[in-house]
Amino acid sequence: MKKFSWLTILIVMLSLAVPVEGASDLPESHEFYDEITYLIDRDVLKGYPDGTMRPNAGVTRAEAAIMISRLKKFDVTPRATGFPDVPASHKASGSIAAAAKAQLIKGYPDGTYRPENTITRAEMAFILSRLFIVPFRADVSFTDVSPNMGVYEPVQQILAANITIGYPDKTFRPNATVTRGQFSAFMARGLEPKFKNDATIAQSYLRDKTKNYVYDTEYGIERHAYNYVSARNGLPMGFIWSIYKDDGSLLTDSTEIETHEHYTFGLPYSESYSELEYPAEVGRAWYTDTMYAAPRIISGIGVTVETQFQTFTNAVEVTVAPDPEFLEEGHTYYMVEGFGEVKSVKLDGTVTKELIAVE
């Protein structure tokens with residue numbers, strides 16, 4: 001077995017990265033400055049010996065393994081990797097071996113790892129779907145990602161987790177390469193709620209994941225908090241909206257997912273319901289020909305609705321038709337950008353849910 005001196009290991013460590021406070025090519029105006037500095041502070045990302053960060057350079061498969069290993073605090077001692085193109089002498093051999101053993105990265109069908117290749121968005125999706133727990137899926141409607149593609153399920157996961165939202169033209173571009181800055185943004189969104197807020201569509205109805213929302217409901221006061229739950233009832237959870245009673249006891253956990261097509265609310269590992277279909281326009285209807293839920297229709301746009309929290313003037317009004325099969329008496333609810341559902345009222349005028357505070 002080949003032995004490595006402490007000098008060799010030190011040289012390898014220095015060649016991988018050094019801290020980048022004041023990196024010459026990372027101005028505060030950079031699109032991903034906050035995400036990059038967040039990962040630097042967590043010792044996940046480092047710069048180069050020449051003082052650069054190179055945020056716009058492609059991130060290699062070796063660099064991705066290094067970042068993952070730092071995050072997971074793996075033993076990265078140089079060693080054999082099992083990949084013929086990554087010998088123990090490779091600067092990232094320890095990281096690649098550790099990440100592969102943890103099944104966070106994989107090689108190609110021919111057995112190679114190709115450490116110097118720039119990762120693609122598809123490869124990024126696979127890596128992040130393994131790295132972060134996501135107990136729910138989003139419907140994928142990207143024009144360039146179909147159900148028969150291996151990357152379909154990983155994209156479902158990172159879309160649901162607000163790690164990515166794709167491009168405005170509704171493409172995901174799985175074969176496009178990923179820069180160091182972009183990869184940093186994706187990782188930061190998987191780790192920190194405030195960065196997830198950035199992975200949203202224009203005019204998003206998702207709530208701010210850094211705040212708590214308090215509602216007065218027909219069942220009592222509810223507090224919705226976005227938090228990390230490692231597991232619930234033996235099932236891995238990850239980041240989730242938890243709903244607490246006024247006395248602080250847990251009522252349930254919930255999901256809130258938005259794509260370019262709709263906003264849905266549901267339960268992890270269970271069903272979800274579309275609360276709003278896009279584009280939001282009067283007369284748009286859904287659940288009209290299904291046994292899944294009572295029919296609903298957008299009955300107003302730009303509606304003014306009063307809540308105990310504040311008066312909103314830009315609500316979308318959705319009317320749910322009475323449906324005995326679902327024990328649905330009929331009600332109207334109001335959706336507001338950045339707040340989700342702010343009020344729900346039965347057709348007889350009884351308020352069943354109302355936003356009273358955002359903390």
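1. Two strands count as paired if DSSP finds at least two bridges between them. A hairpin of four residues links strand 8 to strand 9, and V305 has F312 of strand 9 as its bridge partner. On to the next neighbour: strand 9 is also antiparallel to strand 10 (residues 331–336), with five bridges, and E317 is bridged to Y334 in strand 10.

2. A word on what you are looking at: this is a predicted model, in which local features need pLDDT of at least 70 and side-chain atom pairs count only at pLDDT 80 or more, while totals for chains, interfaces and linings use all residues. Residues are numbered from 1 along each chain as its sequence is written, and side-chain values use heavy atoms, with hydrogens and water left out.

3. For the overall picture, the chain has eight helices and twelve strands, and its C-alpha trace spans about 80 × 40 × 40 Å along the principal axes. Of the 359 residues, 51% are buried (buried is under 20% relative accessible area, exposed over 50%, partly exposed in between, with a 1.4 Å probe and protein chains only). Taking contacts between residues at least 6 apart in sequence, 54% join residues at least 24 apart; a contact means heavy atoms within 4.5 Å.

4. Helix 7 (residues 180–191) deserves a look. Eleven of its twelve residues are buried, so helix 7 is largely enclosed by the rest of the structure. Among the buried ones are F183, F186, M187 and L191. The buried residues pack against helix 2 (33–41), helix 3 (61–72), helix 5, helix 8 (193–196) and strand 3 (235–245).

5. Next, a helix pair. Helix 3 and helix 4 (residues 93–101) pack at about 70 degrees with axes 8 Å apart. The contact involves A62, A65, I66, I68 and S69 from helix 3, and S95, I96, A98 and A99 from helix 4. Axes here are lines fitted to C-alpha atoms, for helices over the stretch in contact, with angles from 0 to 180 degrees between N-to-C directions. The two helices are therefore roughly perpendicular (65 to 115 degrees; under 35 is roughly parallel, over 145 roughly antiparallel, and the rest oblique).

6. S129 sits in helix 5 (residues 121–131) and counts as buried at 12% relative accessibility. Leaving aside residues up to four places away in sequence, S129 touches P154, Q157 and I158.

7. Most residues other than glycine have a negative phi, and most peptide bonds are trans. K73, in the loop between helix 3 and helix 4, has a positive phi near 55 degrees and is exposed at 70% relative accessibility. Q203, in the loop between helix 8 and strand 1 (212–217), has a positive phi of about 55 degrees and is exposed at 54%. A cis peptide bond joins Y278 and P279, with omega about -5 degrees; P279 lies in the loop between strand 6 (272–277) and strand 7 (285–286).
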